[in-house]
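Please look over the sequence and the 3D structure below.

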Amino acid sequence: MTPPDDLVRAVEAVLFASESPLTVAEIRLYLGAEADVPSALDTLAGAYAGRGIELVERGGRWHFQTAADLAHLLRRDREEPRKLTRAGIETLAIIAYHEPVSRAEIEAIRGVQTAKGTLDVLMEAGWVRPAGRREVPGRPLTYATTSAFLSHFGLASRRDLPGIDDLKAAGLLDPIDLALENAVEKDAEDD
């Protein structure tokens with residue numbers, strides 16, 4: 001078996017040379033099934049903490065990235081922020097919170113028809129992907145978020161999405177939504 005120092009160095013080399021983020025299982029393909037990859041990843045993450053680059057895990061995949069506080073130094077061109085329409089933001093939120101979800105389900109939640117271009121923009125951004133078909137009549141296509149979505153929004157997993165209490169505290173819910181929720185709760189108490 002490889003001594004821990006050599007294993008840590010090997011994991012570092014595999015991640016550094018990889019074109020894309022890797023799962024623990026993918027790293028083990030290079031180093032052998034018996035390799036204690038999680039321990040080596042923890043050691044590496046600690047070693048790179050506070051440095052110019054850091055080892056991060058996004059959606060179960062590991063990669064090196066520039067430290068967030070230094071990213072501005074590497075930008076040469078002015079980055080144009082991608083502006084999503086309100087429909088795009090709503091659709092992305094529905095997919096993130098309800099995935100896998102079909103277009104009809106998205107429309108039912110939003111209460112309006114969803115333009116095909118909205119889903120196309122989200123897929124072009126790399127934030128949404130087709131997630132298979134439902135086993136129901138018509139076999140509708142379902143959609144889910146990607147690891148690029150997690151990475152862009154700085155989330156380790158979908159569990160890191162804000163909950164209803166977080167959204168209320170941030171003032172991001174419409175007063176109408178809050179009034180409707182309170183009315184539903186009051187009706188439930190009366191029954």
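## The three-stranded sheet

What is the order of the strands in the open sheet of three strands? The order is β3-β5-β4, and the pairing is antiparallel. Two strands count as paired if DSSP finds at least two bridges between them. The edge strands, β3 (101-102) and β4 (128-133), each pair on one side only. Helix α4 (residues 86-98) packs on this sheet and touches β3, β4 and β5. The direction of α4 makes about 90° with that of β5; axes here are lines fitted to C-alpha atoms, for helices over the stretch in contact, and angles run from 0 to 180 degrees between N-to-C directions.

Strand β3 is joined to β5 (residues 141-145) by two bridges, and the two strands run antiparallel. One of the residues involved is V101, whose bridge partner in β5 is Y143.

## Basis of the model

This is a predicted model, in which local features need pLDDT of at least 70 and side-chain atom pairs count only at pLDDT 80 or more, while totals for chains, interfaces and linings use all residues. Residues are numbered from 1 along each chain as its sequence is written, and side-chain values use heavy atoms, with hydrogens and water left out.

## Overall make-up

The protein has nine helices and five strands. Helices (H or I, at least four residues) and strands (E, at least two) are DSSP runs, numbered from the N terminus. Read from the N terminus, the elements follow the pattern α-α-α-β-β-α-β-α-α-β-β-α-α-α.

The protein has 191 residues, of which 25% count as buried. Buried means under 20% relative accessible area, exposed means over 50%, and partly exposed lies in between (1.4 Å probe, protein chains only). The protein exposes about 12900 Å², and carbon and sulfur atoms supply 54% of that area. Accessible areas come from the Shrake-Rupley method with a 1.4 Å probe; for residues, only the protein chains shown count as cover. Among contacts (heavy atoms within 4.5 Å) between residues at least 6 apart in sequence, 43% join residues at least 24 apart.

## Helix α3

Helix α3 (residues 37-48) has 12 residues, which at 1.5 Å a residue should span 16 Å. The expected span is 1.5 Å times one less than the number of residues. The end C-alpha atoms of α3 are 16 Å apart, in agreement with that value.

Which residues of α3 are buried? They are V37, A40, L41, L44 and Y48. These residues cover an arc of only 100° around the axis, so they sit on the same side of α3. The arc is that of the directions from the helix axis to the C-beta atoms. On the face turned away from the buried side, α3 carries the exposed residues D42 and G46. After α3 comes G50, with a positive phi near 80°.

Strands β1 (residues 53-58) and β2 (residues 61-66) run antiparallel and are joined by six bridges. L55 has F64 in β2 as its bridge partner, and R58 stands opposite R61 in β2. The hairpin has two residues between its strands, and G59 takes a positive phi near 60° there.

## Helices α5 and α6

In helix α6 (residues 116-124), the buried residues are T118, L119 and L122. Their arc around the axis is only 95°, which puts them on the same side of α6. The cover over these buried residues includes α4, α5 (103-110), β4 and β5. K116 and E124 are exposed residues on the face of α6 turned away from the buried side. Just after α6, G126 has a positive phi of about 85°.

Helix α5 contains A104. Is A104 buried or exposed? With a relative accessible area of 53%, A104 is exposed. A104 and T142 are 38 residues apart along the chain, and their C-alpha atoms are separated by 9.4 Å.

## Two loops beside the sheet strands

The loop between α4 and β3 holds P100. A cis peptide bond joins E99 and P100, with omega about -10°.

R139 is placed in the loop between β4 and β5. R139 is not a glycine, yet its phi is positive, at about 40°. Its relative accessibility is 40%, so R139 counts as partly exposed.
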